[in-house]
Amino acid sequence: MEIPASGIDFHLMRSIALFNQKGGVGKTTTAVNLGAALADEKKRVILIDMDPQGNLSFHLGLEPSNIHHSTYQVLTQGVSIKQALHPLSDYLSVVPAVSDLAGAEVELVNESRREHRLADAWKQESVTADFIIIDCPPSLGLLTLNSLCLATEVMIPLQAHFLALQGMARLLETCSLVKDRLNQKLAISAILFCQYESAPRLTGEVTEEVENFIESARGSDTPWAHARVLQTRIRRNIKLAEAPSYSQSIFAYAPNSAGSADYGVLAQEILEMKPGR
Ligand SMILES: Nc1ncnc2c1ncn2[C@@H]1O[C@H](COP(=O)(O)OP(=O)(O)OP(=O)(O)O)[C@@H](O)[C@H]1O
Ligand SMILES: [Mg+2]
């Protein structure tokens, strides 16, 4: 099914940004493995690497020397998403990032529609997908704003330890500002606990605190009014940390691991979700 070139048809497509300005929480691991799981379900998935670290691109085996068009060119040189797409399989493709992307923040600062560059790129040519999954950098700058302008759903990966909620206020405030000023369709749809360890008492306390916070926003006009704390918990699993070195998803690298089981279940939960509700 073609998406009209005149605009993004969000009825046909779910666009999910993995967002948390805190580093090392599981954004990239989730982007890669959720993307792979959805592609296994025969959903057409486009992964977009918006992090100058390029961890997602590396995880997928893309060498910077083989990347001619990346998110940097899309944002700064008018290259279309289609031109920058690198197919990985029938259902999975990636728009990769290289370290040049760090310069885009400065280059775009005085440009018009600087926050909409990524979303505008979608409108240039028809691109079809069931899911766009955007891997945000651990910051709140222009690269993140561009990600949030293309997304309709924000998924927040979180670690259940005592610093987990630190920074949440700024994260939520950023989403509110984007929704008010740049992208009315933005909603925080899901909170995902990653690197989860069920044993420590603290895990239970943090999980409960997050659930209570989300419940207290029901009926409000905040972007997280319909968010849900996902039932699926991604357990800490060493295989998930090893897989990037082999340029493989967890399903290819360790199909019988806890990580593989958890991301498989996550994909089912995401498929069952009604976006924004
Ligand atoms: N469930 C898990 N079990 C074990 N290791 C994990 C798990 N999830 C992620 N990791 C590892 O933790 C590190 C951080 O994960 P990841 O890169 O996904 O976080 P991130 O939020 O994308 O980080 P950044 O903010 O730097 O982009 C990586 O080395 C990754 O392999
Ligand atoms: Mg990352």
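Which polar backbone atom is 2.9 Å from an oxygen atom of ligand 1? In this predicted model, that atom belongs to glycine 24, and a backbone N or O atom of glycine 26 likewise lies 3.0 Å from an oxygen atom of ligand 1. A side-chain N or O atom of glutamine 195 is found 3.4 Å from an oxygen atom of the ligand, where a polar contact is taken as a pair of N or O atoms within 3.5 Å. Taken alone, ligand 1 exposes 630 Å², of which the protein buries 81%, with accessible areas from the Shrake-Rupley method with a 1.4 Å probe.

The shell around ligand 1 holds 18 residues, of which Gly24, Lys27, Thr28, Thr29 and Asn237 come nearest; a residue is counted as near if one of its heavy atoms lies within 4 Å. These residues divide into five nonpolar, eight polar and five charged, Gly being classed as polar. Helix H1 (27–40) and helix H10 (238–242) each supply at least two residues of the shell, and H1 gives the most, with three.

The protein chain has twelve helices and eight strands, assigned as DSSP runs (helices H or I, at least four residues; strands E, at least two). Its C-alpha trace spans about 50 × 40 × 35 Å along the principal axes. The radius of gyration of the protein chain, 18 Å, agrees with the value near 19 Å that a compact globule of 277 residues would have, the rule being 2.2 Å times the number of residues to the power 0.38, over C-alpha atoms.

Residues are numbered from 1 along each chain as its sequence is written, and chains are lettered from A and ligands numbered from 1 in the order in which they are written. Local features need pLDDT of at least 70 and side-chain atom pairs count only at pLDDT 80 or more, whereas totals for chains, interfaces and linings use all residues, and side-chain values use heavy atoms, with hydrogens and water left out.

Notes. A polar contact is a pair of N or O atoms within 3.5 Å; within protein, one must be able to donate a hydrogen and the other to accept it, and residues adjacent in sequence count only if both atoms are side-chain atoms.
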